[in-house]
Amino acid sequence: MKRLQADGRRRTIANGHATRDKRGGEKRMVYLLGGWQSDFSANWSREGIGLADAFADTVRNGLAATALDADEIDTGHVGNFAAELFAGQGLLGGFFGLVDPAFDGLPTARHEAACASGSVAVLAASAEIDAGRYDLACVAGIEQMRNVPGRVAAQHLGAAAWAGYEYEDAEYVWPRAFSDLGDEYERRHGLKYEHLARIAEINFANAKRNPNAQTRGHVFSDASFTEEDEANPVIEGRIRKTDCGQVTDGAAVVFLASPKRAAEYAAKRGIPLDSLPRITGWGHRSAPIGYAAKIAASAGQDYVFPQVRRAILDARARAGVSGIAQIDAVETHDCFTTTEYMAIDHLGLTPPGQSWQAIEDGSIEIGGRLPVNPSGGLIGLGHPVGATGVRMLLDAHKQVTGGAGDYQVEGARRVQTLNIGGSATTTVSFIVEREAA
């Protein structure tokens, strides 16, 4: 029996596989039937689209994309961070009732974990399926962020920091926090801006392959990826303009099914059950909300954010994945280039502090050893906060089914996601895989 340490409590996973639940029964595997994503370049307020309109449009398009009817859905979940601040709107579970009359009476819930809100919504829906409560779940993630000036958006997003206790002097809270992360890497291991710039350059290039990417039409010069202040101005500390994820209006939806419901879905379409992707592993860890407390806690340890590393390994252990060589692609959180720099070594692509090696040797590029953010990530594709975790899962589905188009990773059969809320206060990772053809 393999054991995972969890904050002083011990949890048992048989032979590294989550094949049995803690009561000894057979684990109810969760299948991923697909979904749909909005165009992240849209500006909803300019187009006269409200939050509820975008939600309904996304879910309807998701139902059409998966050939599901509204009356087949058993439960609905929404990932959203700050609709109350950006749009003055709460109780987003009620939006399901606006999609289709069949959703009247549907059990629904809204989930918040800052940038990890979408992934936490997926965890909740998966738990309901695992528990046998429901067989088919609709999980939508949504955020409207471009309806206010940039500085106001930054203030709203700062609510995921420890209000009143940290970054009170920062104009832009999250660029400052993740500049501090770069400073921490500088202190522990050394850090060159050219490596951060290369992360941005790769993600923007990947985004040009993605028809839903917010920056697919952006034009850059060579100086855009340098420390040249005019072409790439400083936002906070060491974070410059092209180091930043986007402020985005966007939504995504996925549909999760129990084995029984997935088998019915496959039979109706005349396809093998094994052709449907599955969520085979998950990791979910939290840490104190303040950035400084996290850094103090990791002093002298291998990883800057040990809880991020644990979430990654938890997901692999539950999926029966022994190491990074068994992963074909990653969709990771790159709210800033320093975040992806951290993710590279925490994923195990390099030893701790040596992320630059995977950047220099091309490992993270499409065609490399482990493509990271072939979609373009948060920097290139966009970052509607509450939708990001759901979008990552949808992109994992696209990759393992060969449906990613121009940003397809050849031969991808297993993808890991890594979604982070706040200064790594909440971390969620999933393993999505499909049987080899």
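**Before you click**

The model is predicted, so local features need pLDDT of at least 70, side-chain atom pairs count only at pLDDT 80 or more, and totals for chains, interfaces and linings use all residues. Numbering runs from 1 along each chain as its sequence is written, and side-chain values use heavy atoms, with hydrogens and water left out.

**Stop 1: colour by confidence**

Colour the chain by pLDDT, the predictor's confidence in each residue, from 0 to 100. The mean for the protein chain is 93, and 93% of its residues reach 70 or more. Now select residues 1–27: pLDDT stays under 50 here, and the model has 48 contacts beyond four places in sequence for this stretch. Contact means heavy atoms within 4.5 Å.

**Stop 2: strand E9**

Select residues 250–257, which form strand E9. Helices (H or I, at least four residues) and strands (E, at least two) are DSSP runs, numbered from the N terminus. Eight of the eight residues of E9 are buried, so the strand is largely enclosed by the rest of the structure. Buried means under 20% relative accessible area, exposed over 50% and partly exposed in between, with a 1.4 Å probe and protein chains only. On one side you will find Gly250, Ala252, Val254 and Leu256, and on the other Ala251, Val253, Phe255 and Ala257.

Strand E3 (residues 30–37) pairs with E9 in the antiparallel sense over six bridges, and Gly34 has Phe255 as its bridge partner in E9. Strand E6 (residues 136–143) is also antiparallel to E9, over eight bridges, with Val139 bridged to Val254.

**Stop 3: helix H1**

Move to residues 51–66, helix H1. Its 16 residues reach 23 Å from first C-alpha to last, close to the 22 Å expected at 1.5 Å a residue; the expected span is 1.5 Å times one less than the number of residues. The buried residues of H1 include Leu51, Phe55, Val59 and Leu63. Show what covers the buried residues of H1: among the elements are E3, E6, E9 and helix H7 (259–269).

**Stop 4: the nonpolar cores**

A nonpolar core is a set of buried Ala, Val, Leu, Ile, Met, Phe, Trp, Tyr and Cys residues joined through side-chain atoms within 4.5 Å. In the largest, of 62 residues, Trp174, Leu181, Phe305, Val308, Leu349 and Ile364 touch the most other members. Helix H6 (residues 193–207) gives the most to this core, with seven residues. A second, separate core of 33 residues includes Tyr31, Ala83, Phe255 and Leu276.

Centre on Val308: beyond four places in sequence, its contacts include Met342, His346, Leu418 and Ile420.

**Stop 5**

Thr332 sits in strand E11 (residues 329–332) and is buried, at 0% relative accessible area. Thr332 and Asn373 are 41 residues apart in sequence and 6.3 Å apart in space, C-alpha to C-alpha. Beyond four places in sequence, Thr332 also contacts residues including Glu340, Met392 and Leu418.

Finish at Ser429 in strand E13 (residues 426–433), buried with a relative accessible area of 0%. A 2.9 Å polar contact joins its side chain to that of Gln416. A polar contact is a pair of N or O atoms within 3.5 Å; within protein, one must be able to donate a hydrogen and the other to accept it, and residues adjacent in sequence count only if both atoms are side-chain atoms.

Note on methods. Pairing = 2+ DSSP bridges.
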